[in-house]
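Subject: Structure handover

Hello,

Here is the structure for your files. My notes on what was found in it follow below.

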Amino acid sequence: MSYDSAPQWCRPARAGTARWARRHEACPPSWGVADAPGTVIVVHDPDDAVWARILTTVIDESHLVAAERLTETVDRAVRPAGVGVEVLMVDLAQRALHVVLVDAPGAAIPVEGTTGGRAYQLTEIVVGGDHEGERVLWLPLLDGTERVGVLRVALDDGVVDGAVLRRRLWALAGLVGHLLMTKLGQSTWLQQLRARAMSPASELLWQQLAPRTLATDRVVISALLEPALEVAGDAYDYAVGDAIDLAIFDGVGHDLMAGVSTAVAVTAIRNARRDGVRDLAAQAERADALLEHYDRPGRFVTAALGRLDVVTGELTYLLAGHPPPLLLRGGHMVKELTLPPRLPLGVTAPAVTYEDIVGHEQLEPGDRVLFYTDGVTEARDGHGRFFGEQRLIDMAERAEQDQLSAPETLRRLAAAVMAHQNERLQDDATLLVLDWASDHHPRLFPSLPDHG
């Protein structure tokens with residue numbers, strides 16, 4: 001480490017050493033370095049300095065780097081630490097992980113049956129090289145709590161795979177995950193990598209949607225739509241504040257106009273919330289009015305609306321022609337949240353009292369609520385047999401007992417629905433999970449070792 005341009009201020013990093021000494025030569029590696037007394041960067045060892053420079057370089061270069069050069073930029077930055085990296089982005093259907101490198105067209109690995117796919121599924125750091133003798137770590141890439149891909153890290157000879165290195169790599173992976181999704185909105189190439197051959201209706205709806213997963217220390221929300229590239233009338237929505245507002249929608253039909261109807265319904269509910277309308281029945285009336293004014297006759301949207309008090313666990317909900325959500329407790333389904341449903345959004349409804357159409361459920365810590373559209377339960381196999389509610393319940397219970405994360409639970413449920421209908425759904429299928437006051441949020445992150 002050399003500082004030739006100007007005198008530096010150095011001090012030992014050990015506590016209790018208050019005296020500063022002005023030095024013109026390089027500071028010892030275990031000392032702090034600063035431009036003036038009182039502004040000190042403590043460098044505990046040379047490796048800390050190397051990784052500080054790595055993160056600084058990635059951040060500095062990210063402002064101008066094109067999406068297709070992200071892997072090259074990060075790989076070049078980490079080489080001084082004796083590692084090499086590849087960034088892989090998951091496609092919208094969560095079937096494959098694609099290398100984010102324009103010079104590697106088509107390079108991808110499956111999510112199922114690969115080491116990298118296992119890191120993505122379990123959000124864990126997984127060891128496994130492609131060739132004999134190769135030392136490789138796979139790290140999940142997250143944008144917040146949304147899974148967006150994996151980071152493949154090759155270790156040079158002499159690099160120790162231990163707790164310190166894994167924590168440094170996890171910090172790098174967090175930065176790369178954020179950068180990847182920031183670049184997504186700016187890059188047609190990256191959007192094609194994520195979702196090639198998307199239908200216009202699906203393009204319309206995906207632009208409306210919130211991230212598929214969000215979590216705080218008291219709540220986890222995760223959602224999923226299938227078929228990802230051809231979804232036409234289904235959607236979900238949520239907003240987080242002092243309460244959690246959420247909704248799931250199913251527009252009649254399977255064409256672009258179904259997507260338009262659903263987009264109008266989503267917009268109406270959001271607009272009502274942002275106007276301070278908390279009453280679910282009043283939100284539904286806003287959607288009725290907007291759909292009746294702008295949509296074509298005969299079009300409507302079924303929906304389930306919910307509002308969760310994150311402090312007390314009271315869930316308020318309304319069903320507008322929609323299947324009732326399922327309540328799971330302790331890994332078992334305990335009840336359907338049934339109500340006399342009001343008519344779908346966009347259909348003029350007879351006058352009803354608030355108490356007739358709005359339900360209340362007191363959740364217990366650790367409870368999971370599963371919302372779904374009828375495209376899940378009504379998916380038919382080649383013999384005309386429904387996927388059915390009981391199969392959905394069985395799989396949801398098994399996933400909870402296996403302590404799978406909410407997004408992985410939904411990915412496996414959706415894969416089962418697709419397989420049941422020979423990978424070609426005749427209707428959209430949407431799932432949304434709400435976990436309250438549980439210990440589920442740590443499942444969204446790797447279990448990192450202590451520094452020890």
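Glutamate 378 counts as partly exposed because its relative accessibility is 46%. The cut-offs are these: buried means under 20% relative accessible area, exposed means over 50%, and partly exposed lies in between (1.4 Å probe, protein chains only). Glutamate 378 sits in the loop between α10 (374-377) and α11 (389-401).

A word on the source. This is a predicted model, in which local features need pLDDT of at least 70, side-chain atom pairs count only at pLDDT 80 or more, and totals for chains, interfaces and linings use all residues. Residues are numbered from 1 along each chain as its sequence is written, and side-chain values use heavy atoms, with hydrogens and water left out.

The chain as a whole

The chain has 452 residues, and 52% of them are buried. Its secondary structure comes to 12 helices and 21 strands. Both are DSSP runs numbered from the N terminus: helices are H or I with at least four residues, strands are E with at least two. Among contacts with a separation of 6 or more, 64% join residues 24 or more positions apart. Contact means heavy atoms within 4.5 Å. The accessible surface is about 20200 Å² (Shrake-Rupley method, 1.4 Å probe). Carbon and sulfur atoms hold 52% of that surface.

Helix α2 against helix α4

Helix α2 (residues 70-78) packs on helix α4 (residues 163-184) at about 160 degrees, with the axes 12 Å apart. Axes are lines fitted to C-alpha atoms over the stretch in contact, and angles run from 0 to 180 degrees between N-to-C directions. The pair is therefore roughly antiparallel, a term for angles over 145 degrees. On the α2 side, Leu70, Val74 and Val78 make the contact; on the α4 side, Leu172, Val176, Leu179 and Leu180 do. That gives seven nonpolar residues, no polar and no charged. Here Ala, Val, Leu, Ile, Met, Phe, Trp, Tyr, Cys and Pro are nonpolar, Asp, Glu, Lys and Arg are charged, and the others, Gly among them, are polar.

Serine 187 lies in the loop between α4 and α5 (188-194). Serine 187 is buried, at 8% relative accessible area. Leaving aside neighbours within four places in sequence, serine 187 is in contact with Ala67 and Glu68.

Helix α11 against helix α12

The axes of α11 and helix α12 (residues 406-420) come within 10 Å and cross at roughly 145 degrees. This contact divides into six nonpolar, two polar and two charged residues.

Best wishes

Terms used
Angles under 35 degrees count as roughly parallel, over 145 as roughly antiparallel, 65 to 115 as roughly perpendicular and the rest as oblique.
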